[in-house]
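Please read these notes beside the model.

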Amino acid sequence: MRVVKLAAEDDFDGWRAAARALLAGDVPADQIIWQVGDQATDLFAGAMVQPSATAALKVHKEFVQLANRVILHRDPERFSLLYGLLRRVIHHPHVLFDKLDPRRRRIEALSDTIRRDMHKMRAFLRFREVQSQGRSHYVAWFEPEHHIVRANASFFVDRFTSMDWSILSPEISIHWDGHKLRQGPGATLDQAASGDPVEEIWKSYFSAIFNPTRLNPRAMMREMPKKYWKNMPEAALVPDLISNARAREIEMIERSKAKNGRVAKPSKHSSPEHG
């Protein structure tokens, strides 16, 4: 058995370097132990694999993109699955595009999960303003399902370039000062800001734009699961907005009738019992 020690759970560069060395030695996937950080080494394991200095492998960019995402998953078998697929793709490139191949399908499912998790972080993360050394600093807390925080950092840098902000999570924290992105240790929820005056403005806006005629509670719960609500200030409004949706729709209809002189029919999705 060969041992590969990676620096972190999302260490794609380390995985790629080790994969090159393993492929150069034609080592099968079932003879490799992948470990992260200071995990204990298997008692029956052999030599530690050193990164390869050989030329880069020629592999389709589709595989590189796929591996970059799948490395972020929590599945402990992801390193081995990717190496096994890579080993096959090197000799049989068509396997990468074979949607019926069991290993390829499993890896694609992991990739889809990461896409969703990254989207949820971008959609549901909320910054709260705090004062630090006389300046506004924005702090957010997020608990991702997978190891996506570092990979998602560039999105927030591009979106909030002019702000000083920190994103805290149980595993790591990332901090942006307007010029440089830094990484810190994981945090706890009580280290995140608990609220700021801007939240009340945001909640008022959210309530104002809520359209009861387009309410679909089931679809809303699929897209915005309750586990994210505790970190979203507007989520506190959702139960009342749902329960009052029918009354608000009737009010909108009456206003429309008075204004236009014609009858508008209620939406069939206007009450929580309709999905």
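1. In H2, the buried residues are Phe-63, Leu-66, Ala-67, Arg-69 and Val-70. Buried means under 20% relative accessible area, with exposed over 50% and partly exposed in between (1.4 Å probe, protein chains only). Because they cover an arc of only 160° around the axis, they sit on the same side of H2; the arc is that of the directions from the helix axis to the C-beta atoms. Helices (H or I, at least four residues) and strands (E, at least two) are DSSP runs, numbered from the N terminus.

2. This is a predicted model: local features need pLDDT of at least 70, side-chain atom pairs count only at pLDDT 80 or more, and totals for chains, interfaces and linings use all residues. Residues are numbered from 1 along each chain as its sequence is written, and side-chain values use heavy atoms, leaving out hydrogens and water.

3. The buried residues of H2 pack against H1, H3 and H4, where contact means heavy atoms within 4.5 Å. Those of H3 pack against E1, H1, E2, H2 and H4. Among the buried residues of H3 are Phe-79, Leu-82, Tyr-83 and Leu-86.

4. The largest nonpolar core has 29 residues, of which Trp-15, Trp-34 and Tyr-83 touch the most other members. Such a core is a set of buried Ala, Val, Leu, Ile, Met, Phe, Trp, Tyr and Cys residues joined through side-chain atoms within 4.5 Å. H3 gives the largest share of this core, seven residues.

5. Not counting residues up to four places away in sequence, Trp-15 touches residues including Leu-6, Trp-34, Phe-63, Ala-67 and Tyr-83.
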